[in-house]
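This briefing concerns the packing of one protein chain. Please consult the sequence and the structure shown below while reading.

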Amino acid sequence: MKCFAEAYCQKDKSACSDLCGGYRVLRALYNLSRMPEGYRYNITLEAKESELPAFEALNEYKEKVLEKVEVGEGLYIWGKSTGNGKTSWACKIMSHYFRKIAFDTGLENEGLYIFLPTFLEDLRNNYEDKDPDFEQVLTMVKSCKLLIIDDIGAERVTDWVRERVVSIINTRVSNNLATIYTSNLSPEELKEELGDRIASRVVGSSQVIEMVGGDRRL
């Protein structure tokens, strides 16, 4: 089996099994979070000189993630280039959070990942055909301690989209719940695309970090 904690676990690897308490808790946290499979394991990201300020700021947030979640301080990670590590960093931070809470968690409402365009499409479909599984996601979106909203601003913007997004963000900000956003839009462009209400709440509750690197997938 491949363990989520293999990069940092101090146990004798010969004793590894899927009966390990830590493995089972992490597996449950990841499954509940709906984080894509490829982002659940240790992600190694090497910074070029131009990327160092952003990487250092992101790593500082990661190391203080328990404090950040406690006070509801989020992140707005943006950069013009696709594939430059925005989503990887968001998931890396959530994974570190899971590692820190693994033996103190009741599992419910800890962390959730959503790819916003797909989430909004599923939300619209759910009005006509209720899905109990998606209802659980809706509850977690507005109540989990740490939420990743991936690719905000990539969706086709309509009044319906604005109202749904502002409802989610307003609920989380009002309840001091931490959210990590990734986007290809600068804060100014986010304001132009989604309006003052959304941009103000996002930026006002988040540390803004620009990623300047190119596409790592290439």
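The model is a predicted one. Its largest nonpolar core has 36 residues, and another core, of 29 residues, lies apart from it.

**Nonpolar cores**

- In the largest nonpolar core, the residues with the most contacts inside it are Leu58, Leu75, Trp89, Ile93, Phe98 and Ile180.
- Two or more residues of this core come from each of the helices α1 (21-33), α2 (52-63), α3 (65-71) and α4 (86-101), and likewise from each of the strands β1 (74-78), β3 (146-150) and β4 (178-183).
- Helix α4 gives the most to this core, contributing eight residues.
- Leaving aside residues up to four places away in sequence, phenylalanine 98 touches Leu26, Leu29, Tyr30, Ser33, Glu110 and Gly111.
- The other core, of 29 residues, includes Leu116, Val137, Cys144 and Tyr181.

- Helix α5 spans residues 116-128, and its buried residues are Leu116, Phe119, Leu120, Leu123 and Asn126.
- These residues lie on the same side of α5, because they cover an arc of only 120° around the axis.

- The axes of α5 and α7 cross at roughly 105° and come within 12 Å.
- An angle from 65 to 115 degrees counts as roughly perpendicular, and α5 and α7 are therefore roughly perpendicular to each other.
- In this pair, Leu116, Phe119, Leu120, Leu123, Arg124 and Tyr127 in α5 meet Trp160, Val161, Arg164, Val165 and Ile168 in α7.
- The angle between α5 and α6 is about 125°, and their axes are 11 Å apart.
- That angle makes α5 oblique to α6.
- The crossing in which α5 passes α6 is left-handed.
- On the α5 side, this contact is made by Phe119, Asp122, Leu123 and Asn126, and on the α6 side by Phe134, Glu135, Val137, Leu138 and Val141.

**Packing of α7 with α9**

- Helix α9 (residues 196-204) packs with α7 at an angle of about 30°, the two axes being 10 Å apart.
- Angles under 35 degrees count as roughly parallel, and α7 and α9 are therefore roughly parallel to each other.
- The crossing in which α7 passes α9 is left-handed.
- From α7, the contact draws on Arg162, Glu163, Val165, Val166, Ile169, Asn170 and Val173, while α9 supplies Arg197, Ile198, Arg201 and Val202.

**Selected residues**

- Lysine 68 is found in helix α3.
- With a relative accessible area of 16%, lysine 68 is buried, since buried means under 20%.
- Lysine 68 touches Tyr61, Glu73 and Ala178, when residues up to four places away in sequence are not counted.
- Threonine 171 belongs to helix α7, and at 24% relative accessibility it counts as partly exposed.
- Between the C-alpha atoms of threonine 171 and glycine 21 there are 34 Å in space, the two residues being 150 residues apart in sequence.

Note on methods
Residues numbered from 1 in each chain as written. Predicted model: local features only at pLDDT ≥ 70, side-chain atom pairs only at ≥ 80, totals over all residues. Heavy atoms only, no water. Core = buried A, V, L, I, M, F, W, Y, C linked by side-chain atoms within 4.5 Å. Buried < 20%, exposed > 50% of the residue type's maximum accessible area, 1.4 Å probe, protein only. Helix = DSSP H or I, 4+ residues; strand = E, 2+ residues; numbered from the N terminus. Contact = heavy atoms within 4.5 Å. Arc of directions from axis to C-beta. Axes fitted to C-alpha atoms, helices over the stretch in contact; angles between N-to-C directions. Parallel < 35°, antiparallel > 145°, perpendicular 65-115°, else oblique. Left-handed = near helix turned anticlockwise from the far one by under 90°.
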